[in-house]
Amino acid sequence: MKTTKETLKEQIIQTLNLEDITVDDIDDDAPLFGEGLGLDSIDALELILLLERGYGIKLSTAAEARPIFKSVNTMAEFIESNAKE
Amino acid sequence: MANRGVKIIGMGAVSSIGVGIDATLESLRSGRSGIGPIKNCATTIDVPAGEVGLTDNEMAGLLGLRPHRHSRTTLLATLAAREAIGEAGLAPDTLKKAALISSTTTGGMRETPLFYAPYAKGEGMGPLSHAWRHPTANHTDEMASALGIGGWRTTISTACSSGANAILTGAMMIESGMAETVVAGGADALCAFTLGGFNSLKILSGEACHPLSEGRDGLNLGEGAAYVVMTADEGKPSCGWLSGWRNTNDAYHQTAMSDDGAGCRASMRGAMEKAGIGPSGIGYINLHGTATPNNDQTEMAAIEAVWGGKIPFFGSTKGLTGHTLAASGALEAVFCLLALRERMAWASAGLTTPMEGHPPALGSNGPLEAEYALSNSLGFGGNCTSLIFRKA
Amino acid sequence: MRILSSAKFSDETDVKGLIADSGARRRMSRLIKMGVATGMECLAKAGCRLPDAIVCATGYGFLADSEKLLGQMFTAGEGMMSPTPFMQSTFNSIGSSIAIMTGCHGANMTFADGWRAVGSAMVFSQLLIGSGEAGTVLLVAGDELTPTLEATLGRMGMGRVGVAPSEGVAAILFGREGGMGAVENLTPTTTDHPVEKSDWAYPTASVMRLIDTIAGGSTAAYETSGAKCIIRL
């Protein structure tokens with residue numbers, strides 16, 4: 001049974017087209033932006049859409065998104081407390 | 001040594017601030033903005049925009065064209081180009097050999113959903129005529145046909161710098177002797193696709209935009225078309241000159257400019273080099289000035305690098321018209337020509353508190369005695385174009 | 001202007017080698033990747049790391065991205081469109097991607113002009129070199145075939161008049177001196193129909209023909225929709 005975090009990692013890889021990265025390559029705690037995976041502002045926009053499309057969570061500003069997207073851990077926590085079916 | 005440049009003998013413009021040059025000038029003088037709630041375009045994006053105050057049927061009627069046979073982009077383009085050709089007073093023979101360099105980012109995209117939506121839902125294709133009108137080249141062919149422009153033609157599409165690049169290309173063709181008369185400009189109709197796309201980049205403002213202002217939070221989209229007629233013919237009286245031009249690339253990121261605006265700096269310097277003048281020769285700068293935090297910041301950085309402490313009157317007119325995409329470079333070329341002709345620098349519409357740490361944009365229309373005006377158009381993909389105009 | 005090198009996209013094109021940065025590659029749609037790889041290969045063949053200008057030609061642009069966005073519009077509404085394909089659907093995406101990769105700050109023009117696109121791009125390349133603004137100009141032409149385009153062309157009756165849809169990318173590096181041959185007497189031409197019928201559906205074909213003419217090894221006239229010239233080898 002896949003965990004939320006595994007599913008989330010797969011979704012991140014797919015949405016952001018991370019060609020050479022597998023689920024195992026992404027550390028739960030590693031920073032997603034800046035260093036770590038090195039994602040940028042366009043990726044942030046795509047992840048905002050992922051939250052809306054995949055989990056029904058709507059963020060109103062990009063600034064609101066920053067702390068949520070710090071790592072897979074923070075994203076998974078946020079999803080678990082806010083997801084609407 | 002100042003370069004005389006290429007002679008402009010006609011101009012035409014359609015936007016939310018007016019259909020035709022006279023109405024447009026009236027709005028520039030009074031500062032009347034065309035931005036408001038979207039009335040003529042079905043969309044779920046809740047933002048204001050600068051819509052042209054004519055329906056497709058009304059435009060077709062004005063042009064003597066059959067309704068429902070042309071994309072809105074084509075109708076806008078044809079209306080503006082007809083005015084430019086009219087002012088230029090081109091003989092039918094000259095028109096038959098005149099080159100047409102048009103530009104657009106949307107082409108027939110406003111109408112494409114009518115063709116594509118049933119297909120996407122598995123119901124088979126919609127009316128084929130909309131597919132026919134989808135490509136960017138279609139509007140160029142249709143306007144050429146409607147107006148009898150019979151020479152070499154092409155369609156440029158470089159996002160927000162398209163219209164300026166069309167004019168630049170026309171000037172190069174005349175200067176090289178490849179063409180004697182050129183009609184050049186751009187057109188874009190407002191559509192759900194573009195609204196949705198810009199919304200996905202989160203660069204739209206939910207209210208009327210505030211270019212060059214502290215706390216600005218995004219742009220308004222607009223629609224429109226503008227064209228100029230340029231010629232090598234020594235005999236024709238001019239309404240202005242295109243003295244300098246340069247297209248460069250920022251080579252930094254697809255949708256954002258580098259912090260110091262290197263590409264814009266290079267296009268402004270390059271245009272001045274072409275015109276054979278220095279920064280002190282420019283009396284008015286019409287910025288690209290979309291009111292996104294990134295654009296205005298980087299464009300100002302570039303301007304300050306070039307002019308240092310002595311920046312001439314400057315401002316953005318997108319607070320009046322919205323960002324008309326491909327039309328913007330051509331529309332703002334017309335605004336510069338009008339500024340020089342009327343001896344008036346246009347206020348930076350929508351200005352609230354000027355950006356901190358920068359000289360303020362022009363708060364109200366001011367007298368302009370200078371000979372030259374410069375217009376910037378900065379597009380997605382780092383495309384930067386600067387055009388320098390000279391009084392007639 | 002002189003012809004310094006040329007390249008056509010093929011199954012052998014080493015996309016990962018030519019676009020080494022996987023971070024850049026992931027942001028590129030299929031057509032952009034083909035366009036950038038072919039452009040970079042063309043530069044490498046000429047030993048040119050940085051062209052002075054980049055000119056792109058496409059008939060119909062990035063259809064796959066446009067369709068993806070249209071699909072999102074209809075199924076989820078305008079509020080749910082993805083930013084990446086929207087960026088990629090702008091017609092100057094190949095030109096700007098190559099500019100970012102090479103650090104090219106020079107002129108960067110894109111002609112999205114149906115069957116005239118290649119002719120337009122050649123005229124503009126000549127203007128850049130002739131005016132002295134550029135010493136080298138990289139021309140990249142590309143078109144992609146989607147199932148929708150193929151079905152639409154079929155419905156328009158293109159098959160019946162011998163128009164074969166296809167897709168491909170090709171690039172030529174023009175310069176002021178050196179190289180394998182020259183483009184002489186380049187003249188803009190006015191045509192109401194494409195020089196070759198298939199250019200209607202696949203405008204990039206005319207660059208393929210130009211490269212084949214050059215490969216032919218002897219001086220020949222070349223004509224595409226919007227431009228004609230002599231290729232002197």
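Over all chains, the structure holds 30 salt bridges, a salt bridge being a side-chain nitrogen of Lys or Arg within 4 Å of a carboxyl oxygen of Asp or Glu. The model is predicted: local features need pLDDT of at least 70, side-chain atom pairs count only at pLDDT 80 or more, and totals for chains, interfaces and linings use all residues. Residues are numbered from 1 along each chain as its sequence is written, chains are lettered from A and ligands numbered from 1 in the order in which they are written, and side-chain values use heavy atoms, with hydrogens and water left out.

The size of an interface is often given as the accessible area lost when the parts come together. Chain A and chain C bury about 1200 Å² between them. This buried area is the accessible area (1.4 Å probe) that two parts lose on being put together, summed over both. Carbon and sulfur atoms carry 44% of it. On the chain A side, Glu19(A), Ile42(A) and Arg53(A) lose the most area to chain C, together 38% of what that side buries. The contact takes 14 residues from chain A and 15 residues from chain C, where contact means heavy atoms within 4.5 Å.

Between chain A and chain C there are 7 salt bridges. Residue pairs in polar contact number 11, with both residues at pLDDT 80 or more. A polar contact is a pair of N or O atoms within 3.5 Å; within protein, one must be able to donate a hydrogen and the other to accept it, and residues adjacent in sequence count only if both atoms are side-chain atoms. The side of chain A that touches chain C has 6 nonpolar, 1 polar and 7 charged residues. Here Ala, Val, Leu, Ile, Met, Phe, Trp, Tyr, Cys and Pro count as nonpolar, Asp, Glu, Lys and Arg as charged, and the others, Gly among them, as polar.

Side chains of opposite charge can pair when their charged atoms come close. Asp43(A) forms a salt bridge with Arg26(C), with the closest N and O atoms 2.7 Å apart. Asp20(A) meets Lys16(C) in a salt bridge at 3.7 Å, N to O. Asp20(A) lies in the loop between helix H1 (4–15) and helix H2 (41–55) of chain A, and Lys16(C) in helix H1 (residues 15–18) of chain C, so the pair joins two chains. Helices (H or I, at least four residues) and strands (E, at least two) are DSSP runs, numbered from the N terminus. Arg25(C) also forms a salt bridge with Asp20(A), the closest N and O atoms being 3.3 Å apart. Arg25(C) lies in helix H2 (residues 22–25) of chain C. Asp20(A) is partly exposed at 45% relative accessibility, whereas Arg25(C) is buried at 3%. Buried means under 20% relative accessible area, exposed over 50%, and partly exposed in between (1.4 Å probe, protein chains only). Glu19(A), Asp20(A), Lys16(C), Arg25(C) and Lys33(C) are linked in a network of salt bridges.

Chain C itself contains 9 helices and 8 strands. Its radius of gyration is 17 Å, close to the 17 Å that the globule rule gives for 233 residues, so chain C is as compact as a globular protein of that length. The radius is taken over C-alpha atoms, and the rule is 2.2 Å times the number of residues to the power 0.38. Along the principal axes, the C-alpha atoms of chain C fill a box of roughly 55 × 45 × 35 Å. Buried residues make up 64% of the 233 residues. Among contacts in chain C between residues at least 6 apart in sequence, 79% join residues at least 24 apart.

In chain B, Glu223(B) lies in the loop between strand S8 (221–222) and strand S9 (224–231). Glu223(B) is buried, with a relative accessible area of 0%. Its side chain makes a polar contact with the side chain of Arg72(B) at 2.8 Å. The side chain of Glu223(B) also reaches the backbone nitrogen of Leu190(B) at 2.9 Å.

Arg246(B) lies in strand S10 (residues 240–249) of chain B. Arg246(B) and Leu168(B) are 78 residues apart in sequence and 7.5 Å apart in space, C-alpha to C-alpha. Not counting residues up to four places away in sequence, Arg246(B) touches residues including Leu168(B), Cys384(B) and Glu133(C).
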